Structures are given as structure tokens and as C-alpha cells.
Amino acid sequence: MKKDIILAGVGGQGILSVAAILSNAAMLEGLWVKQAETHGMSQRGGAVVAHLRLADHEVCADLIHHGQADILLGLEPMEALRQLPFLHTYGVLISNMEPYLNLPNYPPVEELWTEIKRLPRHILVDGGVITHQLCNPKALNMIMLGALSDYIPLQADSLKTGICELFRTKGEQLVQQNLEAFDAGRAFVAKQPAV
Amino acid sequence: MKRHLFLGNEAVAQAAIDAGISGAYAYPGTPSTEIMEYIQHSPTAEERAVHRQWSANEKTAYETALGMSYAGRRALVCMKQVGLNVAADAFINSAITGVNGGLVLAVADDPGMHSSQNEQDSRYYGRFAMIPVLEPSNQQEAYDMCYTAFKLSEQLQLPVMLRLTTRLSHSRAAVSLRQSVHPHELHLPQNLKQFLLLPIFARKNYVGLLEKQHRMEALSEQSSYNFQEAGVHRHLGIVCCGLGWNYFREVFVGREIPWPRVKIGQYPLPRNLLEKLEAECDELLVIEEGYPMVEEQLRGFFAAGKPVHGKLDGWLPRYGELTSDQVGRALQITYPAPYPVPEVVVPRPPSFCRGCGHVDAFEALQEVVAGYGAGHIFSDIGCYALAALPPYQGIYSCVDMGASITMAKGAADAGFFPAVAFIGDSTFTHSGMTGLLDAVNEHTNMVVVISDNQCVAMTGGQQPAGLGKLEAICEGLGVDPAHIRVFTPLHKNQEDMIRIYQEEIEYDGLSVVIPRRECLQKATRRRRQEKQKQAKN
């Protein structure tokens, strides 16, 4: 068994937190893990990507081979598409629909959705609406982690433990908010047809 | 046994603590920064009072670490690849002096230039200095190699280089730890002339270094980091260095690897091991991250013999970061074409944070300088280099730490007017002060803007060496206090900023303008920490 996961987004969207929770949970469940991150200059509002590799055997490379990712998780639709060459033809793309606008020439978002809908296996998550419902604009990354959770070989409970660990120092209220966001992401995907 | 999910950098940091360092020395630089940050936050380092303050630059960091080694204690010094250029004088000479307490240099290269001006390969520096280099291929090796490097350093009485690359530094995997040993007691070198590189002593030391080369080679031959694995197809032998080993094995996941191969993790190269592989195979392929250093060396070893392939003959690309795709293709494996990136996707380069003080300081400057045409602003390494990108496209140089001031001076010497340098506070104290002194001594007609955001912002907001001291430094160097102008870069102050820039450009002499406003990211972090502290109390 192996799961290669690409996490794509914009610096500041919280990709590293998602990656940290996933890889900690995987290690605690006894899997081999490698997780390559983007640090430095790109974190200033640029495109960022993390490669996360889980397996029940040794993981060699830190980076995923092109066309081999089982899952591509986009916190933002254009960033999801930017990493498309990594996705396996039968891989699943799960992306937030809402664009992150910090560019003068951002393309019409409908065109991005059209590209995503061409893929045989995709899920578009209405992250904007869910964050609005939760009254928590900062919880997008945990919503997307929830959306991803049914497609990976990790227990939802391990991920929740990871969320508690990560936000523990920041107070109980923040922990609860992030757990709610995670559940909201899971609930959204549960209502979609399976891909 | 408890395992830790460590970045390569964190593995190095923990290993150094466990090896009993008494001090870590560094200047922040991607991809090396997290080594020092980890040590700064380590409870063990705190308990043992390990020195772990940032240094003003890599040269001061290296020399201080060497001083700690002189005093008999173990020291770690960390930097990015271009930082080693700054520390090169101390580094090369430290191979001639040798060490007393173990001294390990962790240097992080950046193939692919994710956050750097070049792709230079630090292994050449190791070879140039004639010291051992260890090159880990994963996080556990990064830990193990750093842990044992201190002993190796003391055994050979030489500094040891640990060569990292971005991908290892910034990738996490599970790491098991070894027993943590306590720092050494103070003890002077046995030979009190060891660190005296006057020619009369240096000649003797240099002969000593040359004599150590055989021992270093013998240690490489015996090292568990250098080994051979058998394969049945002998028309090709593979030599993998560092991360190249991972990419090579990735190509064959779930299958048997057909070719004999050697993995290199410790330099100088184990010549016998490689000659054995050469004798078995018809041709060789070298897979290494960075420059084709081993490839070049093997061509030398086997001058009369078999073909050596790699980056020099185009089997692998000469630039950028290695990938398993490239390695597979070099081995004649074809892959189905992956999905292309849809045409609708546009680049998203990094950009200034909204509300950044550099932006306000720069916009006002650009408005003033625009009247003189293009090409007047020399800049430097830091967040403000983003002014090279749209919508500003208003700086014309970004070369190395501090070069804004000296290049502006050179242009001014050539008769160019106005010559303006735009440099950050930390870059200024790293390598800008000496250039400013040159300008003071020659009354150069130029304007130096020190955009002071009170931190090393690009690498995560570390404390800068010159915090609260910039005016005093400039005055001390001899800048006329009447032409040291300080203001708060805010859009509402636009008129004042423009007036000040205009006056100082028109002044026939040297001016320093200091826009000062705390980095927003730093301010947010600071407030959050203060809130957490309050909540705790």
C-alpha cells in the first residue's frame, strides 16, 4: 500500500499545518512517511506545494514521481491545477472552489472549474460557503483536511488527535473551531457522490 | 523506541545537541535556517546553556565556532551555500589550523535555486579545503552523520562538513535518537601554536593536512555510509551520492534493481570501492545532486578506462533539482506523459505582504527616482528584492549580501547620478557596513536607503544584529548626522518621504535614509506570543 498526496495552495493558507497533521498521524499508525515542504521566499503569497508520501514499506524519494500522486488536494483551484502533472490519471483531485486573489491577472474562475471537472475523479469543495457557515475564515485548511480524510488510509480519530496537538498551545476555543471545520469538510464530502 | 518526525534540518540540530555541542553559530538563510531555530527552542540546549544566538554574518559565525573549538568544546556552525562564500576565508584556513573540540559545518545547498542566487555545490569547498564531507540521503542519516561527525572531527583534528540540500533540509521523516552526551570541559589545544597561521607555522600545519589525506581516504573506504550492492546486469554500474540514491531506488520500487551500484555518503571518495565497481561494469552512470563533481573525479580516476555518464554528457540535466523522472529517463525508462498544466494557469510569484513598510519606502523612492530615468536603484538580498517584479520592476541589481552599497558606489565613481542603494537592516549589518565606510572615506555622492523592518524578514523574522543601532553605526562610520534621515514608511507620510529622498539625492555627498517600521509578519507573531504569555500568567 502507498498513498502519494500533493498538497497545493498559496503561502499563508496553512498547507504546512495540514501536512504536519497528516504525517504525524501516519507515523503514529506505523506507516513510513516522507513529507517535503516549501519554505522560504515562496511563502510570501506565492505558490506552495507539499509532497506527502505514506506507505507500508520504505519510502525512497522525498518527491512524488510525475503522474504518480493518488490524491491532489488544492486549497485553491488554480494552485491545484498547477500541480496536475503529478496526479495519476486515475488519481483524485479534491479542491476548494474559491480562488485566492492576490494577482492582477487571475483567470476567470469558471475556466478553472471547467478544467477540474474534466478529470475523471474530482471533488469541488465549496470552502467559501463552509467557512462562512462556520463564521471562521481561517479554518479553510482544516475543512480541506476533513474533505480529504475519507480518501486516505488514516483514521479520522488520529487526524483529530493531530489537530488537538497542533492547536493545543493556542487555546481550547481554537482547538474546537478547527475540529468543527474538519467535521464540516468531512460532512460536505459525505454528501457528494463517491469518486 | 520513540521516533520523531523531523525536518532534515531538525535532525541535524537534535544530533548536534545530542553530540554535546556547547554552541551553535549561524546567520539565517534558506534552506538552513531551521537548524539554529530548533536549537534555540530546545529545552536540552536551554538546560545546558548551549550558545545559540544568531551571528552578524557567516564569517563571524564560523570564526566564533572555531574559537569555541579552540577552547576544547564542540561547536556547530550552519549556513546556506552562499553563506559559505562569506565564511570561506575562515573555513579554508580552519582546515590548516585543524580543530581542538569537534567542529561541524552544516551547509545547505539549493539546487533549483528555490531561494538563492546560484546552485553552487559545497562539496567542492570541502574538497578545496581537503576536509571530510558527509552527505546524508535521508533524515535518519542526517541525524546519524551529524552525531558522529563531531567524533570524526576530533579523531582527525579537522572540521567536518555536513552537506545538505533543500529537499532534505525541508522534508520530514521519522528519526530515532541516540544517547545524548554532555558537553566537554574546557581544555586548550595540546600544541599552543596550532592556531597560529604565520607562514613559519602554517607550512608545518599544511604538511600535516596533506598527511591526513590518506587517513581520510581510509576512513571513507571503511565508512558504513559508502557501500556497494550487487546487480546482475553488468553493462552499467551506478554511483549515487546523497539524495541521488533515493531517486535511483524510487525508479525501481517494488522491483529488483538490475545494476550493481555504489552509494556515496562520505568523502573523499572511496577510490578502491569505486575501482571495484568500474572493474565489474562496462560503463558507469553518476547520479548526484548539484554539480558533476564525482563524475569529473571518476573521469580522472579511470582516465584510460570506461565511459562515465551523468551531467556532463547530458544523461542527466546539468541544472536544477534531481527528480526520479530524470533518473528513470537516464536509465532509458519511458513514462506515459502526465497531465499537462492547463493553459489557463498563470504564474503566482511571491509578493510583498499587504501593508509592508518596504513597499511604502520603495514607492516613494521610485517616484522620486523616476524623474531620472531607469536603472538608478541598486538593491540587495531580502524581501525588498521583490521590487524587481511587477508592479514595481524598479531595482536593477541583486547580487550578494551588501553589494547594493558597493555597486552603487562603483557606479557613482564612474560618474553615474543618482546612485541609490536599497538595502535591509540585517543585510546592512551582515555585509553593508564596510562598503559604507569606503563611501564615507571618499565622500561618494550617493544615497544609501537602509529599509529597517527590525528583523531578518525573509527567513522568518529573526533578531537582526543591528537592532536599534543603525544611526549609531552610520554616525560611527563617519556619515554626517545631518544626512542621516529617519522616517516611518506609511502611505500617509508620502509627501515627507518624497521630500526627504529628493533633498538627499540633490545633496552632493553621502546620505543615509532609514525608513523604519516593524515587519508586519514579525509584529503579528510578536503580538500572538505576548497574548499567549499573558494567557499563561
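I began with R499(B) and D496(B), whose side chains meet in a salt bridge at 3.5 Å, N to O. This is a predicted model, and I read every distance below as computed from it.

**Helix α19 of chain B**

I looked up where the two residues sit. R499(B) and D496(B) are three residues apart in helix α19 (residues 494–506) of chain B, so about one helical turn separates them. I then checked accessibility. R499(B) counts as partly exposed because its relative accessibility is 40%. D496(B) is likewise partly exposed, with a relative accessible area of 40%.

I next asked which other residue R499(B) bridges to. R499(B) also forms a salt bridge with E503(B), with the closest N and O atoms 3.4 Å apart. Both residues belong to α19 of chain B and are four residues apart, about one turn of the helix. E503(B) is at 34% relative accessibility and therefore counts as partly exposed.

**A bridge between chains**

I ran the search over the whole structure and got 40 salt bridges over all chains. One of them pairs the side chains of E76(A) and R348(B), at 3.1 Å from N to O. E76(A) is in the loop between β4 (69–74) and α2 (77–82) of chain A, while R348(B) is in the loop between α14 (324–330) and α15 (357–370) of chain B, so this pair joins two chains.

Are these two residues buried or exposed? E76(A) has 0% relative accessibility and counts as buried. R348(B), at 4%, also counts as buried. The cut-off I applied for buried is under 20% relative accessible area, taken over protein chains only.

**Helix α13 of chain B**

I turned to helix α13 (residues 293–301) of chain B and listed its buried residues: M293(B), V294(B), E295(B), Q297(B), L298(B) and F301(B). I then looked for what covers them. The cover includes the helices α7 (123–129) and α12 (271–280) of chain B. It also includes the strands β9 (236–241), β11 (266–267), β12 (283–287) and β13 (308–309) of chain B.

**An annotated stretch**

Last, I checked the UniProt record for chain B. An unreviewed entry lists residues 380–480 of chain B as "domain: Thiamine pyrophosphate enzyme TPP-binding". I took the secondary structure over residues 380–480 of chain B and found 36% helix and 11% strand. The end C-alpha atoms of this stretch are 24 Å apart.

How values were computed:
Residues numbered from 1 in each chain as written. Chains lettered and ligands numbered in written order. Predicted model: local features only at pLDDT ≥ 70, side-chain atom pairs only at ≥ 80, totals over all residues. Heavy atoms only, no water. Buried < 20%, exposed > 50% of the residue type's maximum accessible area, 1.4 Å probe, protein only. Contact = heavy atoms within 4.5 Å. UniProt positions renumbered as here; feature names shortened; annotations may be inferred. Salt bridge = Lys/Arg side-chain N within 4 Å of Asp/Glu carboxyl O.
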